[in-house]
Amino acid sequence: MTVTAKDIIEFWFVDHGEEDWFTGGEAFDAKIIERFTDTHTAAARGDLFDWRVDAEGRLAEIIILDQFSRQIYRKDKRAFASDMQALTLAQEMVSRGDDQDLEPRMRTFAYMPYMHAESLKVHDEAVKLFKSLGNENSLEYEIKHRNIIEQFGRYPYRNQVLGRKNTPAEEEFLAGEFDSFGQ
């Protein structure tokens, strides 16, 4: 069965919502693994470029590369392997103004690759984008992410899975209470 961009949008925004997106756990991961692993592989290869003809098609590809990666490869370095590809698609969408063709709830996911980036410059742009949504909760999470990047230049809770050595400051951070945002 061939998966379309419309299938991704419907699965993410119609069949599921915030409870699944942010706290779905193993059951939600399993649905995505079963239904969309081959689609993720195709997206990572760049095979879904023909979806980019409109904002929803581009958003579907971003969701696959940014969100589905985290569900399919949770606790594995491959969870972050498509982050730069997703960020590039999101940046192109924003620079073309195509993000404005999406409702705010959808734009949140167009902007998520900015939030997942380990670049302070990208986060400075992300704060503006999330502010434009008018959703204080999303903006608050972006600011929390930005603060971690400002402090460490990266997300310390990714270090182990990515094979990076923690600095003493990161060790202290990881020993305390922190939000890993499901990563």
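Me: What makes the contact of D47 with R45 a salt bridge?

Reply: The closest N and O atoms of D47 and R45 are 2.6 Å apart, and a salt bridge is defined as a side-chain nitrogen of Lys or Arg within 4 Å of a carboxyl oxygen of Asp or Glu, so the pair counts as one. This is a predicted model, in which local features need pLDDT of at least 70 and side-chain atom pairs count only at pLDDT 80 or more, while totals for chains, interfaces and linings use all residues. Residues are numbered from 1 along each chain as its sequence is written, and side-chain values use heavy atoms, with hydrogens and water left out.

Me: Why is D47 called partly exposed, and why is R45 called exposed?

Reply: Buried means under 20% relative accessible area, exposed means over 50%, and partly exposed lies in between (1.4 Å probe, protein chains only). D47 has a relative accessible area of 37%, so it is partly exposed, whereas R45 has 56% and is therefore exposed.

Me: How do you know that R70 and D83 form a salt bridge, and which parts does the pair tie together?

Reply: The side chains of R70 and D83 meet at 2.9 Å, N to O. R70 lies in helix α4 (residues 55-72) and D83 in helix α5 (residues 83-96), so the pair ties together parts that are 13 residues apart in sequence; helices here are DSSP runs (H or I, at least four residues), numbered from the N terminus.

Me: Why are R70 and D83 called buried?

Reply: R70 has a relative accessible area of 9% and D83 has 11%, so each meets the limit for buried.

How values were computed. Helix = DSSP H or I, 4+ residues; strand = E, 2+ residues; numbered from the N terminus.
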